[in-house]
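Then follow the stops below.

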Amino acid sequence: MMLRRGFILFLPRLVGLLVVACCSMSIVYMLACTPKGDNQQLALPRVHSPTVKEGYEAVLQEQEEQHRNYIISLKKQIAQLKAELQGRTEQLKNMQNQYPDSLDIQLDHSKPEKAQANLLAFLRSQVDKAEVHSGVKLSTEYAAVPFESFTLQKVYQLETGLTRHPEEKPVRKDKRDELIEVIELAVGSLNKPDGVSKAKPRVYTASDFVEGIYRTEKNKGTLYELTFKGDAKHQFKKIVLFRPFGPVMKVKNENVNMADTLINVIVPLAKRASKFRQFMQNFREMGIQQDGRIHLTVVYFGKEQMNEVKSILENTSKSANFKNFTFIQLNEEFSRGKGLDVGARFWKGNNVVLFFCDVDIYFTAEFLNSCRLNTQPGKKVFYPVLFSQYNPSIIYGHHDSIPSLEQQLIIKKETGFWRDFGFGMTCQYRSDFINIGGFDLDIKGWGGEDVHLYRKYLHSNLMVIRTPVRGLFHLWHEKQCLDELTPEQYKMCMQSKAMNEASHGQLGMLVFKQEIETHLHRQKLSSKKT
C-alpha cells in the first residue's frame, strides 16, 4: 500500500518532467531548423508576434519565393548553355563537311576489339561514300573517274605512263600482284557454298575469268567489277569488289633544316659556248643570287671553244663575287657519264648533294630546295621529271615575235611535255653515288648512261623519288643524231628528236599545211563572188 501510494504521488511529477523535456526539445529543434534570409537568421515567433502557425506560413512563403527565384536563374543558365552547345555543334558540323575524310576514329591499341570495330566501321563508310551502289552528280566531263579494263594477260589503260603502250602486260609488280589477288578473291567467292542449293556446285577457276574493269577514287578506294563465264551460253557471273582506303595515319613529324646543305651542280660540256652563256645567266640568277648555297663543277672535253667557256665562267665569278666553282678539262672524246663521274669524284669536301645537270637545262631556286628535300644520305635519291619545251619557232610561228625565255616557260600541253622517259637530271648525295658504283664508263657518246645508273638505284635499298617538278625545264635545241651511235642509241636519239618538236596537233597542222592553205584560198574566192 505504501509503495502504491508513493507511486501515485510521484506520477504527476514524472508527467511534468516529461512535458518540460518535450518543450525543451521542441525549442532546440526550432532553433536549429529555422530558415535563414539572405543576410540574417529568421527569428522564432515571439509572444507579441502573430501566432506560431502564421509565423511558419510566413517562413514557408519566403523560402518558396527564394526557391522560385533560384529555379528561374537556373533556367536562364540552362538556356544559355543550350545556345552555346548549339553553336559549337554547328561549328563541328561545318568542320566535318569541310574535311569529310578527316580521321575521326581513334585506334586505341589497348582495346584491340574496339579499335577493330572502329576501323571496320570506317572502311564500310568508305564504300558508302564511293560510287559503288549509285552514281554522283558531276560538274563536267573532266570530273568523271574513268575505268581501266584487264584480262588475265593484259591491262588496257588510258594513262599509258612511261611505256606509252595503250595495252600491256602489267609490268609493275604492285599492279600485277593487285590484279592477281583480286581475281583469286573473286574465284574464292564464287566457289564458296551458298547454303541454299543442294546440287553439286560448279568449281570456278581463273580460266573462267572473262574480263574486269577497275578504277580508283583517290580518297576512298578501288572498285573492281569482274565478269566470269556462267553455267550456259550467254550467262555470266559478276563479282563486285571494293578495296577501301584506310584512315590517314601520321607517320612522321620532323623539322628539316637545309640552311647549310650545299648542292654541287655538275655539268659535262664540249663546245656549245653560246648555250653555256645562257646557262650561266640562269645559274647566276637562281643559283648565286636567290639560293646562294651552291657550287658549280664544269667538266670540259677537248680544247675547242674551251677558252670562251672559261672566260664566261670567270666573268660571272668576278661580277657576282662567286668563287665556288671548279673547272676540269679532259683531253678525250665526250662522254656524259664520264664527265659526271669525274666531277662527282673530284669533290674533296664533306658529303654533298650532287645535281647532275646539262647545259640546256633551266632551273629555279624552288627546284634547288626540292633537290635538297627529296634526298637523304643512305635513304633517298631524287629523279625529277622535267618539263621539256617544244620548238618555239613552231609554237609561236603565228606570232609577230617569239617571247622571251622566261615567258616561254609555261607548263601547258601546247608548250611542252613531261619528259618521263628521261633520267639524266638527278639529285643524290655523293656518298650514295660512290657506294652504288657510279656510272658505267664503257658507255660512250649520247644516251644510256643515265638509265644504267637509274637501274642501279632501283636495284638497291634506296628509295627513288620520281615525280614531275614545276621548276625544271629542258630548253629546246635542234638535236643531231650522229652516225657513230649504236643502233639502240640512234633509235633513242631519233625518238627523242621526234617528241621534242611539237604536240600532235601542231605537227598535224604542219603535215596538212597544204590542204589548209587550199581550203582557205577557196573560201576567199567564194567570199569575193558573193
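This is a predicted model: local features need pLDDT of at least 70, side-chain atom pairs count only at pLDDT 80 or more; totals for chains, interfaces and linings use all residues.

**Stop 1: a pair within a helix.** Select Lys-175 and Glu-178. Both sit in helix 4 (residues 173-190), 3 residues apart, about one turn of the helix. Is Glu-178 buried or exposed? Glu-178 counts as buried, because its relative accessibility is 14% and the cut-off for buried is under 20%.

**Stop 2: a pair between loops.** Now select Arg-202 and Asp-231. Their side chains meet in a salt bridge, at 3.4 Å from N to O. This pair links distant parts of the chain, 29 residues apart. Look for Arg-202 in the loop between helix 4 and strand 4 (209-217). Asp-231 is in the loop between strand 5 (221-229) and strand 6 (236-244). Arg-202 is partly exposed at 31% relative accessibility, while Asp-231 is exposed at 59%.

**Stop 3: another pair, then a network.** Select Asp-291 and Arg-293. Their salt bridge has its closest N and O atoms 3.0 Å apart. Asp-291 is buried, with a relative accessible area of 12%. Next, select Glu-64, Glu-65 and Arg-68: salt bridges that share partners join these residues into one network. How many salt bridges are there by this rule? The count comes to 18.

**Stop 4: a loop lysine.** Finish at Lys-323, in the loop between helix 6 (306-320) and strand 9 (325-330). Lys-323 is exposed, at 59% relative accessibility.

How values were computed. Residues are numbered from 1 along each chain as its sequence is written. Side-chain values use heavy atoms; hydrogens and water are left out. Helices (H or I, at least four residues) and strands (E, at least two) are DSSP runs, numbered from the N terminus. Buried means under 20% relative accessible area, exposed over 50%, partly exposed in between (1.4 Å probe, protein chains only). A salt bridge is a side-chain nitrogen of Lys or Arg within 4 Å of a carboxyl oxygen of Asp or Glu.
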